[in-house]
Amino acid sequence: MKHLITTLGPYRKDQLGMILPHEHVFVDLRTPDQPGYAEGNADEVVALMAPQISAIQTQGITALVECTTGGVGRRADLDKAVSVATGLPIVVPTGNYREPWIPDWVRAASDGELEGWMVGELTGQIEDSGVMAAWIKISAGDDGITPLEERILRAAARAGMQTGAVIGSHTIRGRVVMDQLDIIEDEGYRAERFISIHTQAEPDFELHKAVAARGAWIEYDHIGREPDDEVCALILRALEAGLGPQLLLSHDLGWFDPALPGGGTPRAYTHLVDVMLPMLRAAGVSEETIVGLTRDNPFEAFAR
């Protein structure tokens, strides 16, 4: 039986309702060599982010996927602090972001060391946080995969093969996603265990279909950040094209930013339930499809 691995332990599908598959609790977009990078006080992070979590809990959201990975300030200990304070399970990744957000130790690591690091976090814990990584988050350059990004991707594919973990990648261009899928399959892993994060950023809808035809998940994670009518129209187009069983919906919002005084001002994770789901229902989308998009698909994508 598959489980969703979270900051509060593993959950079966029947223990969960709606899941947000792409949000952020804590992010530092400065490069890892900057002073104060990824520093944060748990009490301050909880104080700022707990109200955001409480707001989605009242909507029926039962888990949130943290998409902050290595290189952009991942802090599993702070995710856990927010999770414990609110009672909301948070799903945390292993892996590392693209250049130039790749720390020196990742650049210096051997292929085997990168693979071993990811497997260690997927089967043990992230640093000393007590949190097991549930999945692998990586990225690739907009114009193509660099040699170092390819090394990270190949290590991720091998780690995924050992653990069943899904690989999600911040990749803006659909043709680059297709290259990533080729690499994953070359390593012996399956395209079905890949999430094309930010699929909506690819203007050619035929590439959305092509990525899905390979078996991968596609993710529209701009809800609440782009005009609602445009987002709704894109979702409806994907549903009409038969992509619903592979479609993930989220906001890509939050978060506590240690580069800003007091962590900055977070943006709510509430727009999907408050605005977009009513729009989809009004457009004739069935409740069965809504459940698939908000509950079944996220669980199936991230559980192992």
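Which residue in β4 is the bridge partner of Met 18? In this predicted model, the partner is Ile 61. The pair belongs to the contact between β3 and strand β4, residues 61-66, where four bridges join two strands that run parallel.

These strands are part of an open sheet of three, ordered β3-β4-β5 and paired in parallel. The edges are taken by β3 (18-23) and β5 (90-91); each has a single partner strand, so one side of each lacks a neighbour in the sheet. Helix α10, residues 287-302, packs on this sheet and touches β3 and β4. The direction of α10 makes about 60° with that of β3.

Helix α10 also packs against another helix. Two packed helices are described by the angle between their axes and the distance between the axes. For α9 (residues 271-282) and α10, the angle is about 140° and the axes lie 10 Å apart. Their crossing is right-handed. On the α9 side the contact consists of Leu 272, Leu 277, Leu 280 and Arg 281, which meet Glu 287, Ile 290 and Thr 294 of α10. By class, four residues of this contact are nonpolar, one is polar and two are charged.

The crossing of α1 and α2 is right-handed. From α1, the residues in contact are Ala 42, Val 45, Val 46, Met 49, Ala 50, Ile 53 and Gln 57. From α2, they are Leu 78, Ala 81, Val 82, Ala 85 and Thr 86. The contact of α1 with α2 holds 10 nonpolar and two polar residues, and no charged ones.

Elsewhere in the chain, strand β7 (residues 135-139) runs parallel to β8, and four bridges join the two. Within this pairing, Lys 137 stands opposite Gly 168 in β8. In a regular strand the side chains alternate between the two faces of the sheet. In β8, residues 167-170, Ile 167 and Ser 169 are on one side, while Gly 168 and His 170 are on the other.

How values were computed: Residues numbered from 1 in each chain as written. Predicted model: local features only at pLDDT ≥ 70, side-chain atom pairs only at ≥ 80, totals over all residues. Heavy atoms only, no water. Pairing = 2+ DSSP bridges. Contact = heavy atoms within 4.5 Å. Axes fitted to C-alpha atoms, helices over the stretch in contact; angles between N-to-C directions. Left-handed = near helix turned anticlockwise from the far one by under 90°. Nonpolar A, V, L, I, M, F, W, Y, C, P; charged D, E, K, R; others polar. Buried < 20%, exposed > 50% of the residue type's maximum accessible area, 1.4 Å probe, protein only.
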